Amino acid sequence: MLNSKQRCLIGITLAVSVATILIQGNGLLRSINWLLLDQYFTLRPPEAPDDRIVLVTIAEEDLSYAQNWPMSDDQLVQALDTIQSQSPRLIGVDIYRNLPVEPGHDRLLERWQQWDNVLGIEKVAGEPIEPPPVLIDKNQVAASDLLPDRDNKIRRALILTGRPDQSVVLGLGADLALRYLAQEGIELTEIDPDRSLYGLGKARFVPIGPKDSPYGPEDMGGYQVLLHYRGNLDRFAQVSLRQVWQGQVKPDFFRDRIVLIGAIAPSLNDNHATPYHNSLLRTPALMPGVVIHANLASHMISAALDNRPQLRPLNRYLALIWTVFLIWASAKLGLAYTQQPWLTWAALVGLLLGATIVSYGGFFLGWVIPLAIPGLGIILGGSSSIITTLWINLRLSYRTLTTQHQQLQQANQDLQKLNRIYRCFVPLEYLQLLDKDSILDIQLGDHVSRSMAVSFCDIRRFTSLCEELTPQETFDFVNTYLQRVSPEIVKHSGVIVKFMGDAIMAIFPRSVDDAIAASLAQYRQLNAYNQERQNQNQPPLQIGTGIHMGRVMVGIIGEPGRMQGDVLSDAVNIAARMESLTKIYGASVLISGDLIAHLQDLGAYNFRLLDEVTVKGKKEPISLFEILDPTVDQQAELKIETRLLFEQGWFYYRNKQFIEARQKFYKVLQVNPKDVAAKLYLQRLHQFQISGAPPDWTGVWQFTEK
């Protein structure tokens, strides 16, 4: 017979496993898995350049030099003749040539007939683009198609794809690699035709199947593999097309190499998002298609000749076994929580770290082991078992269980948030701050350091509001909201630094009073907007605002090809943390003590002292004040009426006079039962009554989460 602890272990494991399977089945964490895989590419040490491949790139300067685009057939022949004079092994022309571009078309046809080492391209999917007919007859045509994932990033490569007429064609990078290896005496061999397994030298190619995580049957088509990128353009030797035309190429530069000719100019629209784009550490440029084809060729050649590991997604069933094992382990650790709590937490963190190491280590060995679902399983399994243990051993009250359950739900929601891409522009207001006469005068690195107010404003429960909306409706909703409230910032001498989805970050260089006035004006606009929404049977919006005062660095960051205005400062982080605290304290507008110290007219606003805290990542405490205004808060009058009682309770609380503090906060709730901040302090006092106040109590509340 199983004892109660064993039954709990089995029950928690089954319950959390079913929950994670449902989440995985709905694909909610697929983007997180992709994001983690992207980080593995960007965090790994740079790989050595592949000297077997050289790129002839077509940049904006080359387009200007050519004077027209597409370049004429005569210009293409000139470039190919120069390359062929150095006896390259293969040439891949990643330029569509389905129509003549005079002058020189007859010469180009003649060269197509003469050369057996040149590959042209065709587009198979979508709107097909035909290849040069003469190259079709010579079987010197490859597909240029790329295979984006659902987030439009290129992580997979097409080795083989089918045409509408049921014939098949190799991808450009794959065709070049196979021809190169054939000249090395290495041919593709069939290992298992039923499973489409092929051998190529030291490599064994296994296609992505419908049972491979995180892909499904709807993602299948052609013979596709995970592309093991070598890197960006700098991982390959390169020369510009203009240099080829002008003869500025070193002797034997192309000899015995694969030469790929293709566009890198943004205006030609052949640049794509890859795992290297928009990483957590930086936002590099999009990768040109010709570089992606070069990566595939390098992938196959290096695997066949150098035994370089390939990337394979973990089988869906193995991923499930791995996830269930981690859930079981985390649940088992959590059930020992009451014995050694600190050791349980350390073990759970170690388990999560171990899963991360296994996933990252598997990447180096050629396996893509998902981490998002197992990580979620560890958190859910450990948390569930800890809650269960506390219930069994301590018989916690219903309120405690409810609070912990809400914390568990919040942790689950946080894991489901998708990474948003924010693009920011340099507003004209930056000119005044940077003392520039024209935006043409702005240069990378221009900056100014000043003390000013920083404001963060965010819509509460934005995700749930958008669940029933289509993407277009979501964009319309956000833009309508921003068009209502954002102009108030500008009217009150503020500068909008950036829009972050539904959030607005702004600075107020002239006066801290402008920040508060702008915030109140935003709420007036919001109230009018909410009235319109209610007339349309739509739920009203609520927003939270945090305002802090400090020294900030305003300037231009980025690199020469992509610059943007931004604000860098510790004050920015504190203002953002303050905005998130509005939910905890039930406040609409929170301002810091540093900001109040710089107000020109303290009597112009009603506010009350809420708390003194240290936010996540900071050591110095800040004072929090809540703006009390009927426009902002419907309970403002009651909060003003109970302000003295509330602040007396807070001073008793800070001085460790908990009984007196409790009495004051109870009186506040008798007048205003909806005062969230008063309820929060009673919860803290209740916890101190159970476990006692910390021995180093200073009255400053430390937040460990954002």
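## Cores, sheets and a helix in a predicted model

Y481 touches C457, I459, D502, L526, Y529, L541 and I543, leaving aside residues up to four places away in sequence; contact means heavy atoms within 4.5 Å. This is a predicted model, in which local features need pLDDT of at least 70 and side-chain atom pairs count only at pLDDT 80 or more, while totals for chains, interfaces and linings use all residues. Residues are numbered from 1 along each chain as its sequence is written, and side-chain values use heavy atoms, with hydrogens and water left out.

Y481 and Y653 touch the most other members of the largest nonpolar core, which has 66 residues. Helix α17 (residues 512-535) gives the most to this core, with 8 residues. A second, separate core of 56 residues includes L172, A177, V225 and Y229. A nonpolar core is a set of buried Ala, Val, Leu, Ile, Met, Phe, Trp, Tyr and Cys residues joined through side-chain atoms within 4.5 Å. Buried means under 20% relative accessible area, exposed over 50%, and partly exposed in between (1.4 Å probe, protein chains only).

Strand β1 (residues 50-58) is mostly covered, with 8 of its 9 residues buried. Helices (H or I, at least four residues) and strands (E, at least two) are DSSP runs, numbered from the N terminus. Two strands pair if DSSP finds at least two bridges between them. The table lists the pairings of β1.

An open sheet of 3 strands has the order β8-β9-β10 and antiparallel pairing. Its edges are β8 (188-192) and β10 (203-205); each has a single partner strand, so one side of each is left without a neighbour in the sheet. On average, neighbouring strands here are turned by 30° against each other, direction ignored. Between β9 (residues 197-200) and β10 there are 3 bridges, and G199 has R204 in β10 as its bridge partner. Helix α9 (residues 289-306) lies across β9 and β10, running at about 130° to β10. Axes are lines fitted to C-alpha atoms, for helices over the stretch in contact, and angles run from 0 to 180 degrees between N-to-C directions.

Helix α18 (residues 570-585) has 16 residues and should span 22 Å at 1.5 Å a residue, which agrees with the 22 Å between its end C-alpha atoms. The expected span is 1.5 Å times one less than the number of residues. Buried residues of α18 include A571, V572, I574 and Y585. At the N-terminal end, S569 caps α18, with a side-chain oxygen 2.9 Å from the backbone nitrogen of A571. G586 follows α18 and has a positive phi, near 65°.

Technical notes: A polar contact is a pair of N or O atoms within 3.5 Å; within protein, one must be able to donate a hydrogen and the other to accept it, and residues adjacent in sequence count only if both atoms are side-chain atoms.
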